[in-house]
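Dear colleague,

My findings on it follow directly after.

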Amino acid sequence: MKLKKQVTVCGGAIFCVAVFSLYLMLDRVQHDPARRQSAGNFPRSQISVLQNRIEQLEQLLEENHQIISHIKDSVLELTDTGAISPSGHLPFRSANGSWVLPFDGRPTFLSVKPLDCQFALGRRSQTDLQMLDVYSLLNFDNVDGGVWKQGFEITYEPNEWDDEPLQVFVVPHSHNDPGWIKTFDKYYNDQTQHIFNNMVVKLAEDPRRKFIWSEISFFAKWWESADEHKQAAMRKLILSGQLEMVTGGWVMTDEANAHYFAMIDQLIEGHQWLEKNLGVIPRSGWAVDPFGHSATMPYLLKRANISSMLIQRVHYSIKKHFAATRSLEFMWRQAWDIESGTDMFCHMMPFYSYDVPHTCGPDPKICCQFDFKRLPGSRVNCPWKVPPRAITDANVAERAGVLLDQYRKKSKLFRSKVLLVPLGDDFRYDKALEWDQQYFNYQKLFDYMNSRPEMHVKAQFATLTDYFSAVYKAKGVAPGTRPPDYPVLSGDFFAYADREDHYWSGYYTSRPFYKNLDRVLESHLRGAEILYSLAVAHARRAGLEGRYPVSDYSLLTDARRNIGLFQHHDAITGTAKENVVIDYGNRLLRSLVGLKRVIINAAHFLVIKNKDIYRFYQTEPFLETVRNSLCADTIFFLFFRYLVLFNPVEQERLCVVTMLVNSARVRVLTEDGQTLPVQLSAQWVSASENLHSCLFIQASFMARLPALGLAVFHLYDSADSPMTLRSDTLLRIPGRGQSIRGLDPLPVDSFSPSLSFLHQSIRRKDDPQEVRVQIQFLTYGTRPSKDKSGAYLFLPDGNAKPYSQREAPIVRVVEGPLFAEVVAHYQHFQQTVRIHNVPGIDGLSLDITTMVDIRDQNNKELAMRLVTDIQSGDTFYTDLNGFQIQPRRYFQKLPLQANFYPMPTMAYIQDSQYRLTLHTAQALGVSSLASGQLEVILDRRLMQDDNRGLGQGLKDNKRTANRFRLLLERRSNSGKPVDSRPVSFPSLLSHMTSTILNHEVLALPVLPRKHGVPPMRTFAPLAGTLPCDFHLLNLRSIQSQVNESPGRKMCVSIDFTCCETDEDLEFIMKKKKRSHFFVLLQPMSLSLMHSQPPLSNDSSINLEPMEISAYKLKLC
């Protein structure tokens, strides 16, 4: 056998030498200058013969490529005996029975310098209003305030405006949800397109008329179908200032569940559309309908060069307090900002809603009389039984006096004599009649008021920026600057309650399946953007742009817009009708398929070693993506042989990769021929049955992947390798008569029912002390009274009750050299707790997956509670949009549901010794109802509407995998912790843990090819590893002009999350610039609407902690 293999190897080597020699001869003929010079004397027939022979030779080489590949496999098997592992050792069990892995000794993550994160311990900003203090101060007693039910009586003196008249800015608007009761397309067809068509005509009738618009997703759809005359008329209205685009995002984003990547991306998509098609730059933010407001939003708007913003849905008790202290307008400052660099001027609307009855003043009964859409004969009327009256010469004096009284009372809540009065509601102005009703009647009122000097008022239609500009002018400050005596605020506005104890904390978890799908799409979009940008750039440099499928840019655009659409405050929130949710889901799935195509096309080009042989065929993909569904896993048949792994993280990554293979005789090699340890585990199709009949096995191996790179691995069927090791599996099945079915060669043993199956404590390797961490499952019901939980509201029937079932769960324990896991099967969920035995970040936290299925439950919410002995008191910490941490406090004076907050990526508790962080891969609701506890709502199934307009419960639940990482960290004992501060930060390890959880490695198997697989190599785009507190948010190809080729210009968004010293970052950026890979590096505003002078080649880039910056790159 040994002689046979040697003969095979020698034969293969001789064949390779012969072919290579022939190629050199042909190459010399082709490139020799002397021969080339005399080529003109060759007859054309001889040249044709020579070309035909070259083509035959190339065909011969292609046909023999498969043979060479098999020879290479034989060579690898012969030479593999000395390449067991990088360190030359086999995995072995230690004296205590635990596995010890061979390790190459290279660093697994970046070291942290002693001065890192001193920023987190420094002094914090001084603000007038800190929301944690406001919560401590208020009684939340909901006293009846009279006509303003949630407020108080407002009085004024008639002569208060004698010296400075009241300026009233009435801002017409129409709030259009891109999906809620109807789908996006149906809303557009039924209502929104008519609003635009009427807008073009009605605004042009009188230059005094104004209007604002927010949702660019709708506007772009109308623009694409409008003729040139309508487009020209609309452009004229915008440029003249009659129509203002406010915020300018693709949607009015949710601020509780949305990740800051998606919030920024939808803002960029809207702003880039405006710039490309209209040349418009938004100046003011408008957010009247998100269900609570995050401190992340003003920071993002500030970085996009928006100077002012407006919010609406804030707890009614907070509104009352702010109104009483005239603090409804304030400078919103980030908690970490020690100066004022992040300050954003913010206007908080004071009353219940953004509709007309709640915007002109404190008395909705009177304000409703000035909503002229509700004139008698309309299908919409006033609930207070007093209808509006058309304004005539006979009643204008009386009507103007009544309305001015409301204006004056509302103005008493603010610190200037400039008043904002929104005029609109959901999907208003879709009929030409309403435009006439509102504008004609209000213009008569304005004309009367303005012509009476004794009324001391100037009223007009206005845009939002008109109002803010008047405030700044009245206070004598520049736009966006703090007016004298205006308060500074830090914190956020969660949880939102609109009345009584009706807290909108249910939507933090509603429809978790789609919240999880959204996060998967975001990771794929980011990965596709980065790989596409790099592939197009490399193709252009190699002169192969014509071969590369640059048309994939349309798939990126489609995905950006569908993911952006899902950030809408009735989409990711889980608060839309069932048919609308299906429409959102179909859009996301379509985009996921498109993004996978972009990724495999880019990866194909980047890993091919010889770019000259690169060819793209739409019908013959080079790679595929792995499906990770329980019912449809991708089977890696070992004749596939090659696997490409994409690491979307900007740091080198050492992790465990699992593939489903068809043989237990699997061997895994790195690109340079090193054999990797492989752990074999059974693939289970149910709690007690594995895939014994199909012989499909999970093969897990440890891979080291370059930052933002692609690594190539070789998997093949081989004789048993000492590096391929079987897992030990124990199964506990309660009751009798159930057999244990094992897969040979992966036997399964049973173990005693008395053994504990869920971990009760955690101990770090470097710490002898254990910390009790117990996982409990509980259920909440809903109130028996009229008001019940629904898609928006969480109205529980009291404290949670322990989850129970008749039989004990089936428990499976798997242990091997790379990971060990415990799987517990309950009736309504399956929990998997896994620990990885690998160096680096993956091995420092517990991997927890809870597969939830409560489709047979009625009015139940399933919760997971962590019970520990950490002395956290009443303080806990949740993240805002994955960007920053907001300290929270449990208040006994508030109902249980008021103490739940959004958790997009993490929450933690801590004491002087330990911090326990629960990282999540999907947005969910979280709380800490007692010291040492963290509690997460996993899913909700509710059978009724909660009277907030949806008209449905939550009955379309799906089997959903909730994925977590549980990280225990030892805190420094150098000083007493100060947990009362209004700011906190995750550790760098915590940052990285969140990153790897939300950006999984993508496995891309190479598809079998008729003529074999061409040579591939690892693609590592970065010259050096980036600091671990540096995050490349995106590398996005942009089209500044309509007909511009995609990929030539890119936007790079970077986030500096903590306080790595500047030297590392400067070094990396300089190294990139000196490579001459791009010819332009230009600082930009976050949405690329504002630019600064380009940087020179010797300039450095400095980022402050918590800073997000954007740069435009123009590639060679």
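The notes below cover model confidence and then salt bridges.

Please bear in mind that this is a predicted model. The protein has an average pLDDT of 86, and 81% of its residues score at least 70. In residues 1-5 the pLDDT falls below 50, and this stretch has two contacts beyond near neighbours in sequence. Residues 629-633 also have a pLDDT below 50, with six contacts beyond near neighbours in sequence. Where pLDDT is low, the predicted coordinates should not be read in detail.

As to charged pairs, 48 salt bridges were counted. One of them links Lys373 to Glu434, at 3.7 Å from N to O. Lys373 sits in the loop between α12 (364-367) and α13 (396-411), whereas Glu434 belongs to helix α14 (residues 432-450), so this pair ties together parts that are 61 residues apart in sequence. Lys373 is buried, at 17% relative accessibility, and Glu434 is buried as well, with a relative accessible area of 1%.

Arg209 and Glu205 form another salt bridge, their closest N and O atoms lying 3.4 Å apart. Here Arg209 is buried at 3% relative accessibility, while Glu205 is partly exposed at 42%.

Lys801 and Asp797 also pair in a salt bridge, at 3.9 Å from N to O. Lys801 is partly exposed, with a relative accessible area of 43%, and Asp797 is likewise partly exposed, at 36%.

With kind regards

Technical notes: Residues are numbered from 1 along each chain as its sequence is written. This is a predicted model: local features need pLDDT of at least 70, side-chain atom pairs count only at pLDDT 80 or more; totals for chains, interfaces and linings use all residues. Side-chain values use heavy atoms; hydrogens and water are left out. pLDDT is the predictor's confidence in each residue, from 0 to 100. Contact means heavy atoms within 4.5 Å. A salt bridge is a side-chain nitrogen of Lys or Arg within 4 Å of a carboxyl oxygen of Asp or Glu. Buried means under 20% relative accessible area, exposed over 50%, partly exposed in between (1.4 Å probe, protein chains only). Helices (H or I, at least four residues) and strands (E, at least two) are DSSP runs, numbered from the N terminus.
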